[in-house]
Each structure stands twice: as C-alpha cells, then as structure tokens.
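Start with the inside of the fold, then turn to its pockets. Keep the model open as you read.

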Amino acid sequence: MMADGKGISEHVEKLRSLSFEIGTYRPPSEGGSASLLLRVSENCPWNRCTFCEMYKGHRFGYRPVEAVTADIDRVAAIRDEIRAVSSKLGMGGEMTREVGAALLAAGHDLIGNPGFVTVCNWLASGARTAFLQDADSMSMRPREFVAVLKHLRQTLSSLTRVTTYTRSKTLVKRKPEELRMIREAGLDRLHVGLETGDDEVLTLVDKGVTSAEQIEGGRKAVAAGFQVSMYWMPDLGGRERSRQHAEHTARVLSAINPHYIRSRPLVPRLGTPLFDEVAQGRLHLSSPRERLEELAVMIAGLEVSSKVCFDHAMNAWADRRGGLLFRQDYEGYQFPEEKPLLLERIREGLAVDEAMHVHARQLMAVRSL
Ligand code: SF4
C-alpha cells in the first residue's frame, strides 16, 4: 500500500507545525551519539575569551522555564508522530530508514525542519542522550534548572545521559547543595572549557577565571557526582609560553582529576583578538612538532585516573607509518594504565619528519570539511 494510503499525510501535517529551539554548538562527543539538542539559554554570558568566535555579536539570554518545557513537549510530540507512522508501516514504532523515507516522500519540506531532523537522528540512535545548550547552562537559577531537568527526564524517559556546557567560574559560584540538587534532577555530565591552567595565559586570553578557581569549581563538580569532561587547548600560550602552559595545565587537571581530558589544539579564528595577535606577530604559533613537545610535557605531568582523549580533527599528528599518532575515539586513553603507551606514541611522533605531521593535519582538515 502507498504511504498515503496508511494515513501518513495527517502526521506530516502535524510534524510541519512542530519545532523547537536548537543552538549551533555541541561537543563532538554529543554528535557521535546523536544527542538530542535542546536550548535552555542563548549564547554565552561571558563572551570575552580572545580565541573564541562562537557567540560573538550575540547577546546572552536566559530562556523562561515555560519556553524550555514547551520545547520538551514539542520534542515528545514529534517523537510520537514519528512512532505512529512507524507503527502504521509495520516497523513497531522504531525509527528506521523506511520510516524516514516514507515521511519525506509525503512531505519533502520536512528535511528543512531542524527539529524534525534532530528528533529523527536522536530516535535512530536509540533516544538515549541529550545535550543542553548553549555555553553555560549552570548559570540558570538552580531551581529553574532543576524544573527543566525534571520535566525533561519525566517527558523523555528513554534518556540515560543528559549533559551540558558550563564555566569553571559558574561552578565556583554554585553552592555544593545546589550542584547536588541539579545532579539529582538528572544532569549527568558537564563539559568545561579549561583551555589552560596557567594564570598568565588565562589572563592574556581573558578567560575570566584563575587556576585556583578552576580547581575549586572542578572539584566541586566531581564531588557533587557529575562526570566532568575538561577541554584544554595545546598551543594557547604560543611558543612564548609553551612550557608554563603545559606544566600548569597538568597541575590543574591533576588537582581536579576529571573523568575526561580532551585536547582541542588552538586554531586562530578570523575576527578574534587572538587571530590579530598572531597576524601582527605578537603571538607565535608552534609547529606541529613543537606542539607535540608541549603535549609530552603536559601528559608527563598528568597524575590522574581520567580518560585522555584526542577526539577532534586538529589532533592530527603522524606516526612512523604515516597513520594517525593518536586514537581519536571519544573514550580515549585510560590513565594511569595507558599513560606509558601514550608517552611512547608521543616519542614516536617526535621521531617523525615534520612534513608528515603537516600532511596528516592537512588531510584531516580536508576530511572534516
Ligand atoms: S566561555 Fe566559552 S563560549 Fe564563552 S567566550 Fe569563552 S570559550 Fe567562548
């Protein structure tokens, strides 16, 4: 029987009327597991880091709890429409290729509805994870955030992991009982941009936090029961401050011992103050080999039981056979067990000709386009 003969058009009509707010950014590890993206606030309340272009020109704003919970209800409504179509097609309510094809055959325009596409991908991946946007969800009033989380968990009960971005400075401001309340309401993982543990570099890039505050905020989050995923930025201090950047980053991360440590090598972005510093010769970027030397210092100094990850295309260094030096999966290298292995990989990379590293990076940059 044709799709329309099964009454699909009525569902397409409903799906056309349903949408919800989705922001632009999420960590790569949330894309790989096709997390549901939901916006609880808009843009970044700090918005001053000199290397960051993500929210420039956009004002920060909280979204009212009612607006966010209404969005969650719309996600559930989209899910239910898709499941109804699946059942009518004999697919048992599952999101399959056939269900997607039937819906798009009956309503080509649905492909231009980001809410529909996001929920399809989320259902196809098992509807298990959600990522709350934008840059600092923990800056919401704790009671309001808890209300959002409770509604989310009750309405979308298939979720097994809910995560978000936040800032170390915001974690410092939160009381331990507030953090525990938010954790218990259903937020599992925090993604935090540490960038560097060096106070001079923190000041230069206007991160708005000290290394002591990073340690305090990170420890509070771990103590409250969150999985903490921290991002550091190789080469953020340039050649000038490479060693201090590596040593103090290792010091701060060792003091926090987060669950994940993720490497995000510096890429100067056009339109940022840091880009101008590089262009005007005030900051000198390291070569791929020099970045590996910095990495060697940082990794050697890490005393953690974290997973150390290179899950980004910019972590492209070559091994002696021309392959990638590091695994790029989201779970990375388990420390301390795999620390010797990782140090051995770095030594291998340091023995490789610089041109091979340049080639590896160009190849990954093209692949990630
Ligand atoms: S806190 Fe994060 S999102 Fe905000 S400006 Fe800094 S790096 Fe960008």
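A nonpolar core is a set of buried Ala, Val, Leu, Ile, Met, Phe, Trp, Tyr and Cys residues joined through side-chain atoms within 4.5 Å. Buried means under 20% relative accessible area, exposed over 50%, and partly exposed in between, with a 1.4 Å probe and protein chains only. This is a predicted model: local features need pLDDT of at least 70, side-chain atom pairs count only at pLDDT 80 or more, and totals for chains, interfaces and linings use all residues. Residues are numbered from 1 along each chain as its sequence is written, and side-chain values use heavy atoms, with hydrogens and water left out.

The largest nonpolar core holds 75 residues. Those with the most contacts inside it are Ile-82, Leu-103, Leu-187, Phe-226, Leu-302 and Phe-326. Helix α3, residues 65-88, gives the most to this core, with eight residues. Helices (H or I, at least four residues) and strands (E, at least two) are DSSP runs, numbered from the N terminus. Apart from this core lies another, of 10 residues, including Cys-49, Leu-236, Leu-266 and Leu-274. In soluble globular proteins, nonpolar side chains tend to be buried together.

Now look at Phe-326. What is Phe-326 in contact with, leaving aside its neighbours within four places in sequence? Its partners include Leu-292, Leu-295, Phe-310, Trp-317 and Tyr-333. Asn-315 and Arg-345 are also among them. Contact here means heavy atoms within 4.5 Å.

Next, the pockets. On a 1 Å grid over the protein atoms alone, a pocket is an open set of points where a 1.4 Å probe fits, with protein on both sides within 12 Å along at least five of seven lines; lining residues have an atom within 4 Å of a point. The largest pocket has about 920 Å³ of space. Its lining has 34 residues, and Phe-51, Cys-52, Met-54, Tyr-165 and Met-233 lie nearest its centre. Strand β6 (189-195) is among the contributors, and the largest share of the lining, four residues, comes from β6.

The second largest pocket has about 160 Å³ of space. Among its lining residues are Met-95, Arg-97, Phe-116 and Cys-120. α5 (114-124) is one of its suppliers and gives the most, with five residues.

Finally, the cysteines. Cys-44 is buried, at 13% relative accessible area. Cys-52 is buried too, at 15%. How many disulfides does a search of the whole structure find? The count is zero, a disulfide being a pair of cysteine sulfur atoms within 2.5 Å.

Terms used. Grid points are joined across faces, edges and corners, and a volume is the space filled by probe spheres set on the points.
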